[in-house]
Amino acid sequence: MIGTIIINNNYNYNYLGTAADWASAIMSFIAIIIVFWQMRREAQNERAFYIENKRPHFSVERTTVIHRDERILYDEGYIDLKTLYEELHGNKSKYIVRLTNISDNIVQSLKIKIDYNGSGTNRYAFDGLFPKQSILLVTDDIIVGELDPLEIWIKFKATANEIGIFILGLI
């Protein structure tokens, strides 16, 4: 528009408006661009929070209590589940690790490794951990208060084919 006026040798600047008119128009245009940029950024943040909340979350605790509805994963050294169950119920000094899916999503598969800082490891695999469901990890070692800190590594696959790793160091 300015080029057309200058080419026609019409230098009547009052026709173009005052400096205040131009400043308000430019600032309004910039404000509109900023609003769209902020809306786009907010939508990206909401999407990221939504995805983060859909990821599985776990609760890990040591326990000596076994509930009837919990699945028990145990080391190959035990002969049968009945013997293991009787041993665990009668022995309050032996700890087991309860792993609970505290998210609202199903975890398709779990691969779990418990490391005793060089004194041994236990490995487990489990498929289909439902929301609020717990599994018990029975180790071949006794976990007592004086044991070196241990680590629990959980590699999981969520329903959206998302693979994640959960690492927890226990003291």
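Buried, in what follows, means under 20% relative accessible area. With that settled, I turn to the structure above, which is a predicted model.

I begin with strand β3. In β3, 6 of the 6 residues are buried, so the strand is largely enclosed by the rest of the structure. Ile 96, Arg 98 and Thr 100 point one way from β3, while Val 97, Leu 99 and Asn 101 point the other way, and all are buried. The buried set therefore includes Arg 98, Thr 100 and Asn 101, each of them under the 20% cut-off.

Next, the partners of this strand. β3 pairs with β1 in the antiparallel sense, over 6 bridges. In that pairing, Arg 62 stands opposite Val 97 in β3. β3 also pairs with β6, again in the antiparallel sense, over 4 bridges. There Val 97 stands opposite Leu 137 in β6.

Which residues have the most contacts inside the largest nonpolar core? They are Leu 110, Ile 112 and Ile 135, in a core of 19 residues. Two or more residues of this core come from each of β1, β3 (96–101), β4 (107–115), β5 (121–129), β6 (134–138) and β7. A second, separate core has 6 residues, among them Ile 66, Ile 72, Leu 84 and Val 138.

I come now to the aromatic side chains. A pair of aromatic rings is described by the distance of the centres and the angle of the planes. The structure holds 2 aromatic pairs. For Phe 58 and Phe 156, the ring centres are 5.4 Å apart and the planes stand at 65°, so this pair is edge-to-face. Phe 58 belongs to strand β1 (residues 58–63) and Phe 156 to strand β7 (residues 150–158), so the pair ties together parts 98 residues apart in sequence. Phe 58 counts as buried at 9% relative accessibility, and Phe 156 is buried with a relative accessible area of 8%.

Why is the pair of Phe 58 and Phe 166 tilted? The ring centres of Phe 58 and Phe 166 are 5.5 Å apart and the planes are at 55°, so the pair is tilted; the edge-to-face class would require planes over 60 degrees apart. This pair, too, links distant parts of the chain, with Phe 58 in β1 and Phe 166 in strand β8 (residues 163–170), 108 residues apart. Phe 166 is partly exposed, with a relative accessible area of 23%. Through these ring pairs, Phe 58, Phe 156 and Phe 166 are linked into a cluster.

Finally, a loop residue. Ile 106 is placed in the loop between β3 and β4. Is Ile 106 buried or partly exposed? At 33% relative accessibility, Ile 106 counts as partly exposed. Not counting residues up to four places away in sequence, Ile 106 touches Asn 101, Leu 129, Phe 130, Pro 131, Ala 158 and Thr 159. Ile 106 and Lys 132 are 26 residues apart in sequence, and their C-alpha atoms are 9.3 Å apart in space.

Definitions and conventions. Residues are numbered from 1 along each chain as its sequence is written. This is a predicted model: local features need pLDDT of at least 70, side-chain atom pairs count only at pLDDT 80 or more; totals for chains, interfaces and linings use all residues. Side-chain values use heavy atoms; hydrogens and water are left out. Rings of Phe, Tyr and Trp (its six-membered ring) pair if their centres lie within 6.5 Å; planes under 30 degrees apart count as stacked, over 60 as edge-to-face and the rest as tilted. Buried means under 20% relative accessible area, exposed over 50%, partly exposed in between (1.4 Å probe, protein chains only). A nonpolar core is a set of buried Ala, Val, Leu, Ile, Met, Phe, Trp, Tyr and Cys residues joined through side-chain atoms within 4.5 Å. Contact means heavy atoms within 4.5 Å. Two strands pair if DSSP finds at least two bridges between them.
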